[in-house]
Amino acid sequence: MRFSIDKARGGALAMVAAVALTVAGCSSDGSSEGSSGGSSTGSDGGGGGDANLAITFLPKNLGNAYFDTSDAGGEKAIMEFGGTYEEVGPAEAGPDAQVSYINTLTQQGVGGIVVSANDPAAICDALNEARDTGVKVVTFDSDTNPECRDLFINQATADGIAKVEVDMIAEQIGDEGQIAILSATANATNQNAWIEIMKTELADSHPNIELVDVVYGDDDDQTSFDKTAALLQTYPDLKGIISPTTVGISAAARYLSTSDYKGKVALTGLGTPNQMREYVEDGTVTEFALWNPADLGYLAAYAAKALVEGEITGAEGDSFEAGDLGSYDVGADGTVLLGDPYRFNADNIGDFDF
Ligand code: RAM
């Protein structure tokens, strides 16, 4: 079975290796400022002559299994090409929570920052100040406005991600009834783009499904759990929930699994197999989707390397090598596409470990 569908040469191996790295413990503690909060591996320089291959990953927040896996993929790539890996980030996802980390990285003179943005605009000034000093900026997972970064590594098209989620909920509730969305933070670029397309897709192709509410769990486990409980109380006829965030869907599944709603209210969206396995096995969840976060981080690290080494500028038509994943092209708006979303269910979830 191929996972990152078009580009999976060695992708499964990268995934397994990345899981091993995650288990080995690459993530940072949740509170420290700047690079002191991150782990550091690899060695300086080696792969790029004089190029500054000190590359730091800055996730939306620390303590999120999705980013543990994606950033481990980045670490694997950086170790392959002989750079220096670090991960820093805020304990809680918030629109400008990453600004102080970006400023510190700029002062430290890193070569590249790989960041998933909690807000399309709030970190722009800090990123552009970094770029003015020569730092290359790659967004991955959740973009900023395009003028604030050199490249965006997109996990899958927004249309594809929105459509798979709408298709899954429609299949699970018989294409009719009330549904709600439990999202991440209210400003998240990625979730907001997907939600807008989901609304259009529902209106165009599923006239008997009514989206009654969109609520925000802030990519915080307890907030997402509480928002799930509130949704079920507020809407007694609710037939299903879409949660386009790995934090939200796992918290919602945990709530449903011990409630009277288990097996009656459908839950789907975007999750990691390891966080969702028990809820698929106990019948709380039928099917959900995601891409390979380890491949996403791995690709983003190689993109940063290509920028730092001056091999590409991020212009449309540029192409670069991404280790085991092969060659990638830069598309419109400085975007590189990883692949397609993938559906996980009882038949295949045992094949995955991340
Ligand atoms: C959460 C984050 C991340 C998103 C995944 C699906 O981990 O919000 O940005 O891509 O869910």
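This is a guided tour of one predicted model, stop by stop.

**Before you start**

Residue numbers start from 1 in each chain and follow its written sequence. Because the model is predicted, local features need pLDDT of at least 70 and side-chain atom pairs count only at pLDDT 80 or more, while totals for chains, interfaces and linings use all residues.

**The whole protein**

Show the protein as a cartoon. There are ten helices and 15 strands. Helices (H or I, at least four residues) and strands (E, at least two) are DSSP runs, numbered from the N terminus.

Of the 354 residues, 55% are buried. Buried means that 20 or more other C-beta atoms lie within 10 Å of the residue's own; exposed means 12 or fewer, partly exposed is in between, and the C-beta atoms are placed from the backbone. Two residues are in contact if their C-beta atoms, placed from the backbone, lie within 7 Å. Taking contacts between residues at least 6 apart in sequence, 76% join residues at least 24 apart.

**The ligand**

Select the ligand and the residues around it. The shell has 13 residues, and the closest are Tyr66, Ala184, Thr245, Thr246 and Leu270. A residue is counted as near if its C-beta atom, placed from the backbone, lies within 6 Å. Four residues of the shell are nonpolar, six are polar and three are charged. Here Ala, Val, Leu, Ile, Met, Phe, Trp, Tyr, Cys and Pro count as nonpolar, Asp, Glu, Lys and Arg as charged, and the others, Gly among them, as polar.

Now colour domain 1 (12-156 + 292-351) and domain 2 (158-290). Both domains give residues to the shell, so the ligand lies between them. The domain bounds come from an automatic or database domain assignment.

**Helix 7**

Select residues 221-234. Helix 7 has 14 residues and reaches 20 Å from its first C-alpha to its last, close to the 20 Å expected at 1.5 Å a residue. The expected span is 1.5 Å times one less than the number of residues.

Show the side chains of Ser224, Phe225, Lys227, Thr228 and Leu231, which are the buried residues of helix 7. Looking down the axis of helix 7, these buried residues fall within an arc of 165°, so they line one face of the helix. The arc is that of the directions from the helix axis to the C-beta atoms. The face turned away from the buried side carries the exposed residues Gln222, Gln233 and Thr234. The buried residues of helix 7 are covered by elements including strand 7 (177-183), strand 8 (209-216), strand 9 (238-243) and helix 8 (246-257).

**Ser243, in strand 9**

Stay with strand 9 and pick Ser243. Ser243 counts as buried, with 30 C-beta neighbours inside 10 Å. Leaving out residues up to four places away in sequence, Ser243 touches Leu182, Gly248, Ile249, Ala252, Leu267 and Gly269. Val214 is 29 residues from Ser243 in sequence and 9.7 Å from it in space, C-alpha to C-alpha.

**Helix 6**

Select residues 189-205. Helix 6 has 17 residues, and its first and last C-alpha atoms are 24 Å apart, close to the 24 Å expected at 1.5 Å a residue. Its buried residues are Thr189, Asn190, Gln191, Asn192, Trp194, Ile195, Met198 and Leu202. These pack against helix 5, strand 7 and strand 8.

**Two loop residues**

Most residues other than glycine have a negative phi. Asp175 is not a glycine, but its phi is positive, about 60°. Look for Asp175 in the loop between helix 5 (158-172) and strand 7. It counts as partly exposed, with 13 C-beta neighbours inside 10 Å.

Next, go to the loop between strand 8 and helix 7, where Asp218 is found. Phi of Asp218 is also positive, near 60°. Is Asp218 buried or exposed? Asp218 is buried, with 22 other C-beta atoms within 10 Å.

**Helix 10**

Select residues 293-308. The 16 residues of helix 10 should span 22 Å at 1.5 Å a residue, and its end C-alpha atoms are 23 Å apart, which agrees. How many residues of helix 10 are buried? The count is 16 of the 16, so helix 10 is largely enclosed by the rest of the structure. Gly310 follows helix 10 and has a positive phi, near 75°.

**Last stop: Leu325**

Pick Leu325 in the loop between strand 12 (319-321) and strand 13 (327-329). Leu325 is buried, with 24 other C-beta atoms within 10 Å. Leu325 and Tyr302 are 23 residues apart in sequence and 9.9 Å apart in space, C-alpha to C-alpha.
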